[in-house]
Amino acid sequence: MSNEAIIALARKIHGERAEIIIRLLAEKIEVSDEDIARELKLDPAEVRRILNELFESRLVKYRRARDEVIGWYKYYWRITDEPVARILEDRKRLTLSLLEKVLEYERSDEFFVCPKCGKRFSSAEADENGYMCDECREVLEPYDNTEVIRKLEQAIKKLREYNPEAL
């Protein structure tokens with residue numbers, strides 16, 4: 001898959017500045033974080049933060065080399081060579097797991113809501129607070145989470161049907 005797919009992923013997951021950094025890496029092959037910051041006129045700390053986020057998402061890789069003059073390590077960044085379909089499949093698996101846990105939580109309890117501030121409570125939290133909102137002291141009302149459950153089920157179904165290999 002092309003660098004354009006990785007660029008699109010970077011933007012969707014991490015935002016516009018991540019896209020700009022990935023585009024630069026696509027042009028230059030391998031670049032230090034200091035050179036990226038200098039060329040894009042960005043704060044070096046922000047560039048490092050974004051590069052680390054991109055690394056956590058497996059969209060970039062780095063090579064570490066010791067600067068012989070000052071003795072510090074310098075990091076050289078490049079776009080990953082890992083197949084995008086594999087990255088997407090792993091993200092799909094993780095997201096499905098999280099959504100399934102949230103769905104189980106929503107199905108396993110009754111919920112209450114404060115009519116004034118909208119804060120939601122589990123039945124245990126509501127009981128612990130005497131069915132009063134702990135922020136504004138309003139009496140809690142039962143919360144119907146049927147729509148939340150329906151949307152979670154739809155998202156899970158759609159994600160299960162998604163096939164990154166078909167891109």
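In what order do the three strands of the open sheet lie? I looked this up first. The order is β1-β3-β2, with antiparallel pairing. Strands pair if DSSP finds at least two bridges between them. Strands (E, at least two residues) and helices (H or I, at least four) are DSSP runs numbered from the N terminus.

I am working on a predicted model, where local features need pLDDT of at least 70, side-chain atom pairs count only at pLDDT 80 or more, and totals for chains, interfaces and linings use all residues. Residues are numbered from 1 along each chain as its sequence is written, and side-chain values use heavy atoms, without hydrogens and water.

β1 (31-32) and β2 (60-66) are the edge strands, each pairing on one side only. I traced seven antiparallel bridges between β2 and β3 (residues 73-79). K61 stands opposite R78 in β3.

Helix α2. I find residues 16-28 lying across β1, β2 and β3. In α2, I list A18, E19, I21, I22, L24 and L25 as buried (under 20% relative accessible area, 1.4 Å probe, protein chains only).

Contacts of I22. I left aside neighbours within four places in sequence; I22 then contacts I6, I7, A10, L54, L59, V60 and I79 (heavy atoms within 4.5 Å).

Cores. A nonpolar core joins buried Ala, Val, Leu, Ile, Met, Phe, Trp, Tyr and Cys residues through side-chain atoms within 4.5 Å. The largest has 25 residues; I21, I22, L25, I36 and L54 touch the most other members. A second, separate core has seven residues, including L96, L99, I149 and L152.

Definitions and conventions:
Axes are lines fitted to C-alpha atoms, for helices over the stretch in contact, and angles run from 0 to 180 degrees between N-to-C directions. Buried means under 20% relative accessible area, exposed over 50%, partly exposed in between (1.4 Å probe, protein chains only).
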